[in-house]
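Student: I would like to go through this structure and ask what lies behind the terms used for it.
Tutor: Then let us look at it and start from there.

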Amino acid sequence: MPEAEAIRLAQQGNAEAFERLYQLHSRRVYSLCLRMVSNTAEAEDLTQEAFLQLFRKIGTFRGESAFSTWLHRLAVNVVLMRLRKKTAIVSSLDEMTEPDEESSGPRRDFGGPDLRLTGSIDRMNLQRAIEQLPAGYKSVFVLHDMQGYEHNEIAGIMGCSIGNSKSQLHKARMRLRELLHETLRDKAREVRQAEKSEPASEGEE
Amino acid sequence: MEALNCSQFLADHLESWLEGVRPVEAEAHLRDCPSCQSVASDVAAIASFARTVANQDPDPPARVWVALRARMEEEGLIARDTANVVARPGQPVSWTARWFGWIPGAMPRPALAAVYLALMAAGGYMIGSRQKPLESDSRDAWYQNTHMSATQASAVLDTAEQNTLSGLHEPNPVVAASFQKNLVLVDNYIKLCEKSVREEPQNELARDYLYDAYRQKADLLDQISDRGEEPQ
């Protein structure tokens, strides 16, 4: 069943059409929720909540925007509302970013090893770094770099300007770069310490 | 042509450069600026790896749709599917009853108790390390135990599944297909998680995912067994 047909039938309360829409979009919505909250149980709950809201409101969908954009706007709102409740802070998208991060140029790590990320990122390190991003950065990064949305679509989903979306993405990437470099530096330090301690322990034997 | 500084390159040109739009002044800056070269290379690596990771994301577990459907039915968004359902008088019909109503007492309870005991043992090892950091001496033993617990849980679940499937009598083909579909989904999820744990046995997140995957399968089998105890 094509998406347009499924939407039309779902608006009439057809159960199969609802299931079809869920099949078409649940993976991306779940993935978004999982990246945002990093907890499978909560991501499942949020996925369910996003689709429930979608299906409650599907009668009002008139096709002015793409269906997936509409769905993702709902999902992002559901996730952000949950995060706001968790922190008990009602904040705007801009407040969920780090205001002092206007980058004037690349940071240089004087005295540190020259670490390049190419070929050295792994899934878990990236996941951990994403977890540490502020919610606003995280949303834009997940939508753009992970799910492939364009800035105009993200602006529609997040309710912000295209420029704002671009700026948030840039800051998110810079922050991730910093976090991943920190991880690599920590690993390199551990290796150096292990190498130093090896001869000592050999000498003790 | 005025030369770009780092701020201008990063703010105005980095993203389009990553997308292949490379005006002469941006190329010129990048050629002469090792710092921006490093940023551009790192950001390209992050974006590329992020897309790869996202492509490997699993589908949500089958129970999400099942629970969602139940809520939609409760709210009257869709009509209740009462086929194959026999409820106790005065009791609401659960979604497990709707899905698994056709199954007789498929699996004995002691078998399920074994499943949960195995999972508790595996889960204890898998998440226990968070309680206190392990000394390096005991880590190898702990990983060995984790591996054994996971293997044990997996074996017990396989036995439970065989018992469940062998206990089915002429199920409704539509519902049976749904059950099989859910089982395949859960099994694929387990395989994916087991692969992650094999690749990174020390990773807590990977172990959590695996434990959760085992639990999902146990829950699925448990729901079938629960339904088996209700009057037909």
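**Terms and the values behind them**

Tutor: Chain B has nine helices and zero strands. Note that this is a predicted model.

Student: Why are H1(B) and H2(B) called roughly perpendicular?
Tutor: Helix H1 (residues 6–18) of chain B and helix H2 (residues 24–32) of chain B pack at an angle of about 105°, their axes being 11 Å apart. Angles of 65 to 115 degrees count as roughly perpendicular, therefore the term applies to H1(B) and H2(B). On the H1(B) side the contact is made by B:Phe9, B:His13 and B:Trp17, and on the H2(B) side by B:Ala26, B:His29 and B:Leu30.

Student: What makes up this contact of H1(B) with H2(B), by class?
Tutor: Four nonpolar, two polar and no charged residues.

Student: How do you know that the buried residues of H7(A) are on the same side?
Tutor: In helix H7 (residues 151–158) of chain A, the buried residues are A:His151, A:Glu153, A:Ile154, A:Ile157 and A:Met158. They cover an arc of only 155° around the axis, so they share one side of H7(A). As background, an α-helix has 3.6 residues a turn, so residues three or four places apart point the same way. After H7(A) comes A:Gly159, with a positive phi near 70°.

Student: Which residues have the most contacts inside the largest nonpolar core?
Tutor: A:Cys33 and A:Ala75, in a core of 86 residues. Helix H2 (residues 15–37) of chain A gives the most to this core, with 11 residues. Leaving aside residues up to four places away in sequence, A:Cys33 touches A:Ala43, A:Leu46, A:Thr47, A:Ala75 and A:Val79. Touching here means C-beta atoms within 7 Å.

Student: How many residues of chain B are in contact with chain A?
Tutor: 38 residues of chain B are in contact with 38 residues of chain A. H3(B) supplies the largest share of the chain B side, 15 residues. By class, the chain B side divides into 25 nonpolar, five polar and eight charged residues.

Definitions and conventions
Residues numbered from 1 in each chain as written. Chains lettered and ligands numbered in written order. Predicted model: local features only at pLDDT ≥ 70, side-chain atom pairs only at ≥ 80, totals over all residues. Buried ≥ 20, exposed ≤ 12 C-beta atoms within 10 Å, placed from the backbone. Helix = DSSP H or I, 4+ residues; strand = E, 2+ residues; numbered from the N terminus. Arc of directions from axis to C-beta. Axes fitted to C-alpha atoms, helices over the stretch in contact; angles between N-to-C directions. Parallel < 35°, antiparallel > 145°, perpendicular 65-115°, else oblique. Contact = placed C-beta atoms within 7 Å. Nonpolar A, V, L, I, M, F, W, Y, C, P; charged D, E, K, R; others polar. Core = buried A, V, L, I, M, F, W, Y, C linked by C-beta atoms within 7 Å.
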